[in-house]
Amino acid sequence: MRKAEIVVLIILFTALAYVGVVEEGRNRIVAVATIAIFAGLVYGGVLQDRARSKAYGPGTSIFSVGAMFRALFTKEMFYFVLLTLAMAAFAGTMIALDSAGYLSR
């Protein structure tokens, strides 16, 4: 990851953490959940980059269909799929809890 991306993520996480500390009730829960989802998305990007670098050897074209399929069947892509499903379940649970009224206003 480039240094500029890391700095932007640190600023974003710091701002959301500040909102989570200052706000009360539901806003705090939403801020913490947003931080968790963003962290999962960032790590998902790292996993995709690792899978791509494993599958693409030196001199492999970026349009190579074989290399794309090799990238799909790496351990990192399996972890990426699990992470994506976990984030979707987490977000769905938070939405269901909010619509049911379990999160305080």
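This is a predicted model: local features need pLDDT of at least 70, side-chain atom pairs count only at pLDDT 80 or more; totals for chains, interfaces and linings use all residues.
Local features need pLDDT of at least 70 and side-chain atom pairs count only at pLDDT 80 or more, while totals for chains, interfaces and linings use all residues. Residues are numbered from 1 along each chain as its sequence is written, and side-chain values use heavy atoms, with hydrogens and water left out.

**View 1. Helix α2 beside helix α4.** The axes of α2 (residues 26-55) and α4 (residues 75-100) come within 9 Å and cross at roughly 165°; axes are lines fitted to C-alpha atoms over the stretch in contact, with angles from 0 to 180 degrees between N-to-C directions. That makes α2 roughly antiparallel to α4 (angles over 145 degrees). Their contact brings together 15 nonpolar, 3 polar and 6 charged residues.

**View 2. Helix α2 meets helix α3.** Look for Ala51, Arg52 and Ala55 of α2 against Ala67, Arg70 and Ala71 of α3, where contact means heavy atoms within 4.5 Å. By class, this contact has 4 nonpolar, no polar and 2 charged residues.

**View 3. The lining of the largest pocket.** Helix α2 gives the largest share of the lining, 6 residues, and α2 and α4 are the elements that give two or more. The lining divides into 9 nonpolar, 1 polar and 2 charged residues.

Conventions: Helices (H or I, at least four residues) and strands (E, at least two) are DSSP runs, numbered from the N terminus. Angles under 35 degrees count as roughly parallel, over 145 as roughly antiparallel, 65 to 115 as roughly perpendicular and the rest as oblique. Ala, Val, Leu, Ile, Met, Phe, Trp, Tyr, Cys and Pro count as nonpolar, Asp, Glu, Lys and Arg as charged, and the others, Gly among them, as polar. On a 1 Å grid over the protein atoms alone, a cavity is a set of points where a 1.4 Å probe fits but cannot get out, and a pocket is an open set with protein on both sides within 12 Å along at least five of seven lines; lining residues have an atom within 4 Å of a point.
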